[in-house]
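This report walks through a predicted model. Please look over the sequence and the structure before reading on.

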Amino acid sequence: MSALRPDGHVLIVGASLAGVRTAEALRAGGHRGPITVVGEELPLPYDRPPLSKQFLAGAFDEARIQLRREDDYASALGVDLRRGLRATQLDLTKQRIRLAPIGAADDTTSADETVPWDALVIASGSRARSLPGSTPHQDVCTVRTLDDARRLRRLLAPGIRVVVVGAGFIGAEVASTAKSIGCEVTVVEAMHAPLVRQLGEEMGTACGAIHGRNGVRLLTGTGVASIGADSVRCSDGTVLPADVVVVGIGAAPNTEWLEGSGVAIRDGVVCDDRCRVLDEHGRVVPGVVAVGDVARWPNALFGSPTDASLPEEMRIEHWTNAAEMAMHAAGTLQGTDEPYQPVPYFWSDQYGSKIQFLGRATGFDEVRVVDGAPADGAWLALYRRGDRLIGALGVQRIRALMGIRPLLVERSSWTRALEHVGVVDRPTA
Amino acid sequence: MPQSPWGADRVVRTDREATVKITVDFDRCQSNALCMTAAPEVFEVRDDGYLYILVEEPGEERRAEVTNAARLCPTQAITIEG
């Protein structure tokens with residue numbers, strides 16, 4: 001890709017962490033031309049992790065979770081931050097997008113505008129999935145946006161009965177926060193264990209045990225059949241009284257506005273290993289990159305679970321990836337030619353415990369606890385695929401977990417990883 | 001996470017050509033330890049769950065990794081001056 005001209009106009013669609021960080025990285029990399037950041041939400045760009053934790057608990061106010069102060073955007077960063085606008089269409093040939101004001105009726109296009117670019121950054125993120133069907137319940141919430149969190153924060157109070165649908169990280173953190181406020185909390189998970197997709201069944205079960213230890217009821221293997229006006233009916237017939245229902249069943253990438261544009265979409269925007277967006281024929285679209293939750297790319301640091309000679313394709317909805325990919329994609333636009341191959345990382349704070357994960361668990365063959373014990377609520381576990389270390393889970397094991405990171409960077413063998421943690425691998429008799 | 005015992009166990013610098021000054025807001029720090037992955041000789045989260053600054057004013061040769069540590073901090077608790 002020919003590098004972006006230093007005076008070119010960069011248009012960034014998405015004003016959350018990935019979008020803002022891309023703008024910052026472009027400036028740090030010497031870009032002098034105009035940068036426009038377009039976002040749907042009206043509040044100033046903010047940090048999402050506290051929404052289910054400190055912000056929800058009332059410990060952080062809105063000012064504290066803003067990514068930057070309002071005047072920073074124009075003055076320090078030289079960015080035209082435009083909020084309350086949704087990208088509705090992408091025209092790759094004419095290099096422009098169509099924007100519509102949020103709240104305008106779908107059939108009105110009179111308020112639309114088109115904006116041209118020299119380089120485009122797709123950072124449109126993801127949105128919370130919701131349960132299908134309608135419900136008479138007044139207080140069914142998701143926790144994705146600041147608006148969501150403001151609303152839930154008003155609803156939570158001591159004695160309130162909260163049913164959390166989905167025992168993923170967001171659900172678990174909301175349960176933890178609600179419990180700390182004094183709510184009566186039940187978590188319902190459709191799978192047989194929480195976090196199966198992220199951690200596997202054994203470690204998911206081990207992490208899920210934290211709820212019971214903290215006085216929160218966890219029901220697994222139970223879907224939600226319906227939500228009534230004041231209760232949740234589970235698929236096994238259990239009826240849970242609920243003053244508030246929180247739905248945490250994952251997120252979906254925001255790619256609808258790209259449909260028909262020629263950009264390749266497959267559960268996210270398909271990119272190459274430089275964060276460059278590909279078209280439907282697998283060719284690089286000049287001057288267009290994608291970052292954050294919306295982007296899917298091949299990470300050569302990890303082999304594909306189905307064919308280890310191929311890189312593993314990833315789409316990651318975590319804070320660290322948004323931040324790191326933004327820096328990388330900005331570099332790509334400015335002429336750096338390096339593959340993006342990070343060690344994925346996420347963390348979750350629940351009931352005073354820190355859960356951290358490095359690398360991958362996709363298609364693992366073995367997971368082994370190498371330090372501590374799940375029964376004690378503190379342990380380190382390593383994940384093996386073939387003869388390689390591919391991931392590590394730490395619960396209350398911050399330092400030991402981070403000690404594993406260099407091994408993941410170096411594509412360490414399983415044997416070497418076990419040596420590192422002081423475990424001798426005895427062949428099973 | 002409670003406030004770290006700032007300075008309780010810092011390593012004394014002997015290098016006189018330091019140009020990078022590190023400040024950590026321990027009210028913000030949540031001990032994610034990403035700084036430690038970016039600059040392991042400067043930041044360390046120990047088993048007590050606290051972050052320790054091993055070198056408060058590292059030399060210029062560490063600027064890139066320390067800057068990266070600040071960028072990677074999910075709570076933006078690290079400030080680099082100089």
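Leaving aside its neighbours within four places in sequence, with which residues is S231(A) in contact?

## Around S231(A)

S231(A) touches H137(A), S226(A), V239(A), L240(A), P241(A) and A242(A), once neighbours within four places in sequence are left aside. The residue sits in strand 14 of chain A, which covers residues 231–234. Is S231(A) buried or exposed? Its relative accessible area is 15%. The cut-off for buried is under 20%, so S231(A) counts as buried.

Strand 14 of chain A pairs with strand 13 (residues 224–227) of chain A. The sense is antiparallel, over three bridges. V224(A) has C234(A), in strand 14 of chain A, as its bridge partner. Strands 13 and 14 of chain A make a hairpin, with three residues between them.

Strand 14 of chain A also pairs with strand 15 (residues 239–241) of chain A. This pairing too is antiparallel, over three bridges. Here V232(A) faces L240(A) of strand 15 of chain A. L240(A) is also one of the contacts of S231(A). The hairpin of strands 14 and 15 of chain A has four residues between the strands. Within that hairpin, G237(A) adopts a positive phi near 95°.

## The five-stranded sheet

Chain A also holds an open sheet of five strands. The strand order is 9-16-10-11-12, and the pairing is parallel. Which strands form the edges? They are strand 9 (140–141) and strand 12 (217–220) of chain A, each of which pairs on one side only.

Inside this order, strand 10 (residues 161–165) and strand 11 (residues 184–189) of chain A pair in the parallel sense. Five bridges join them. V164(A) stands opposite V187(A), which belongs to strand 11 of chain A. In a regular strand, side chains alternate between the two faces of the sheet.

## Salt bridges within chain A

How many salt bridges does the structure hold? Over all chains, the count is 39. One of them joins R296(A) to D267(A), with the closest N and O atoms 2.8 Å apart. This pair links distant parts of the chain, 29 residues apart. R296(A) lies in strand 21 (residues 295–303) of chain A. D267(A) lies in the loop between strand 17 (251–253) and strand 18 (269–270) of chain A. The two partners fall in separate accessibility classes: R296(A) is buried, at 12% relative accessible area, whereas D267(A) is partly exposed, at 40%.

Salt bridges with shared partners also build a network. Its members are R21(A), E24(A), R68(A), R69(A), D71(A) and D72(A). Within it, E24(A) bridges to R21(A), with the closest N and O atoms 3.4 Å apart. Both residues lie in helix 1 (residues 17–28) of chain A. They are three residues apart, about one turn of the helix. R21(A) has 10% relative accessibility and counts as buried, because the cut-off is under 20%.

A further salt bridge joins R48(A) to E41(A), with 3.2 Å between the closest N and O atoms. E41(A) is partly exposed, with a relative accessible area of 26%.

## The interface of chains A and B

How many residues of chain A are in contact with chain B? The count is 19 residues of chain A, against 20 residues of chain B. The area buried between the two chains is about 1,700 Å². Carbon and sulfur atoms give 54% of that area. R64(A), I398(A) and R399(A) supply 32% of the area that chain A buries against chain B, more than any other three residues.

One salt bridge crosses between chain A and chain B. E44(B) forms a salt bridge with R399(A), the closest N and O atoms being 2.1 Å apart. R399(A) is also among the three residues named above for buried area. Six residue pairs are in polar contact between the chains, both residues at pLDDT 80 or more.

Several elements of chain A each supply at least two residues of the side that touches chain B: helix 1, helix 9 (319–333), strand 23 (345–350), strand 24 (353–359) and helix 10 (398–402). Helix 9 of chain A gives the largest share, four residues. By type, the residues on this side of chain A divide into eight nonpolar, three polar and eight charged.

Note on methods
Residues are numbered from 1 along each chain as its sequence is written. Chains are lettered from A and ligands numbered from 1 in the order in which they are written. This is a predicted model: local features need pLDDT of at least 70, side-chain atom pairs count only at pLDDT 80 or more; totals for chains, interfaces and linings use all residues. Side-chain values use heavy atoms; hydrogens and water are left out. A salt bridge is a side-chain nitrogen of Lys or Arg within 4 Å of a carboxyl oxygen of Asp or Glu. Buried means under 20% relative accessible area, exposed over 50%, partly exposed in between (1.4 Å probe, protein chains only). Contact means heavy atoms within 4.5 Å. Buried area is the accessible area (1.4 Å probe) that two parts lose on being put together, summed over both. A polar contact is a pair of N or O atoms within 3.5 Å; within protein, one must be able to donate a hydrogen and the other to accept it, and residues adjacent in sequence count only if both atoms are side-chain atoms. Ala, Val, Leu, Ile, Met, Phe, Trp, Tyr, Cys and Pro count as nonpolar, Asp, Glu, Lys and Arg as charged, and the others, Gly among them, as polar. Two strands pair if DSSP finds at least two bridges between them.
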